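Have the sequence and the 3D view open as you read.

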Amino acid sequence: MAKSKKKEPALSGDMMKGKVVRNTGSSYMVRLDSGEEAPCRVKGNLRIKGIRTTNPVAVGDVVTVAKAADDADFIIAVEPRRNYIIRRASNLSKESHILASNLDCAALVISLRDPATPTTFIDRFLATAEAYSVPAVVVINKADIYDTGDMELAEAMRYLYESIGYPVFLLSALTGEGVESLREYLNGKTTLFAGNSGTGKSSLINALVPGAGLKTGKISDIHHTGMHTTTFSEMVSLPGGGEIIDIPGVRGFGTIDFKPEEVSHYFPEIFKMASECRYGDCKHTGEPGCAVVPAVDRHEIAQSRYASYLSILEELQDDDNKYRKPF
């Protein structure tokens, strides 16, 4: 016999506005316009039109809260988002997961060693930020452990991404080197901090926000990967104004809702070169008159970036085959 759903208490007429500052998994912490913070549940029938996600509410959302008869608070509406960052919820799903919303910036924290962040992860994150109109920056952490070869690679990566148009910060959360420059850049902005587990994201936030007290973890000696220390998404206020939204470390970054013909739009240097292709619908995979592939051969477009572009196209093709209904 199916279990009956627990009925939610009736809502009173009292409604308040606020911003979601923490996701605890089963509930949300909302900072009300009054300054008070209130734990809230989501009204059972709340869904955001046009977005199929695992979470109808995300940190950064501006929401309407109503009080129930039992004095509990419920989120009953989410105001239209200015933008957001989204990723595939899992490799087996076409569902998406919103990481954060209403952002001025998305900062990807990476490391070149212990663990090394794959370039495909970097490029997928940046492409998603482009797709959802969120300015992005790359933060290369752990400069204190890099040898000469590592530093040469770090400078090469800085040159690559800055030449495309992304600000790059090379720093050490442990020693504080370079942290002040990043702090000045982030002042007044609402910034999502994302990255693989183990890149030092929580340590960096602790360096930027004295007293934040975020938990930090150790790196696995066997796999050289990080262990999750952030359990839920949370907004932390910067001393000079602005906020950082800290999210749990992610191992992979699956793109969602990309169309094959639009992927090149999310790689600025490929999109720029594509204007010289013979055909407007060129996929840049060897078509006649393609200007992109020769540019890769001439090293005007980085091979790593082109490989990331192709990996997204391949994933979209796999998705199309996986979810296509038989006749």
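The report below starts with the whole chain and then turns to a few local spots.

## The whole chain

Please keep in mind that this is a predicted model. Seven helices and 13 strands make up its secondary structure. The protein has 327 residues, and 47% of them count as buried. Its accessible surface amounts to about 16,700 Å², with carbon and sulfur atoms accounting for 52% of that area. If you take the contacts between residues at least 6 apart in sequence, 67% of them join residues at least 24 apart.

How confident is the predictor? The average pLDDT of the protein is 86, and 81% of the residues score at least 70. Where pLDDT is low, the predicted coordinates should not be read in detail.

## The loop between β8 and α1

Let us zoom in on the loop that connects β8 (105-110) and α1 (119-131), which is where S111 lies. Is S111 buried or exposed? S111 has a relative accessibility of 0%, so this serine counts as buried. Leaving out residues up to four places away in sequence, S111 touches A116, T117, N141, K142, Y146 and T199. A polar atom of the S111 side chain also lies 2.4 Å from the backbone oxygen of P115.

P115 sits in the loop between β8 and α1 too. The peptide bond leading from D114 to P115 is cis, its omega being near 0°. D114 belongs to that loop as well, and its phi is positive, about 50°, although D114 is not a glycine. With a relative accessible area of 25%, D114 is partly exposed.

Another positive phi turns up at N102, a residue other than glycine, where the value is near 55°. N102 is placed in the loop between β7 (96-101) and β8. Its relative accessibility is 14%, so N102 counts as buried.

## Helix α4 and its cover

Helix α4 spans residues 201-208, and its buried residues are K201, S202, L204, I205 and L208. How are they arranged around the helix? Viewed down the axis of α4, the buried residues fall within an arc of 160°, so they line one face of the helix. The elements covering these buried residues include β8, β9 (136-140), α3 (179-186), β11 (190-194) and β13 (243-246).

## Cysteines and a serine in a loop

How many disulfides does a search of the whole structure find? The search returns zero disulfides. A disulfide is a covalent bond between the sulfur atoms of two cysteines. C40 is buried, at a relative accessible area of 1%. C105 counts as buried too, at 1% relative accessibility.

C40 also comes up among the contacts of S27: apart from neighbours within four places in sequence, S27 is in contact with R22 and C40. S27 is found in the loop between β1 (11-23) and β2 (28-32). The side chains of S27 and T24 are joined by a polar contact of 2.8 Å. S27 has a relative accessible area of 18%, and because the cut-off for buried is under 20%, S27 counts as buried.

S96 is part of strand β7. Where S96 and T54 are concerned, 42 residues separate the two in sequence, while their C-alpha atoms are 6.2 Å apart in space. S96 has a relative accessibility of 2%, so S96 counts as buried.

## Accessibility at a glance

| Residue | Relative accessible area | Class |
|---|---|---|
| S111 | 0% | buried |
| C40 | 1% | buried |
| C105 | 1% | buried |
| S96 | 2% | buried |
| N102 | 14% | buried |
| S27 | 18% | buried |
| D114 | 25% | partly exposed |

Terms used. Residues numbered from 1 in each chain as written. Predicted model: local features only at pLDDT ≥ 70, side-chain atom pairs only at ≥ 80, totals over all residues. Heavy atoms only, no water. Helix = DSSP H or I, 4+ residues; strand = E, 2+ residues; numbered from the N terminus. Buried < 20%, exposed > 50% of the residue type's maximum accessible area, 1.4 Å probe, protein only. Contact = heavy atoms within 4.5 Å. Areas by Shrake-Rupley, 256 points an atom, 1.4 Å probe, with all protein chains shown as cover. pLDDT = per-residue confidence, 0-100. Polar contact = N/O pair within 3.5 Å; in protein donor to acceptor, adjacent residues only side chain to side chain. Arc of directions from axis to C-beta. Disulfide = S-S within 2.5 Å.
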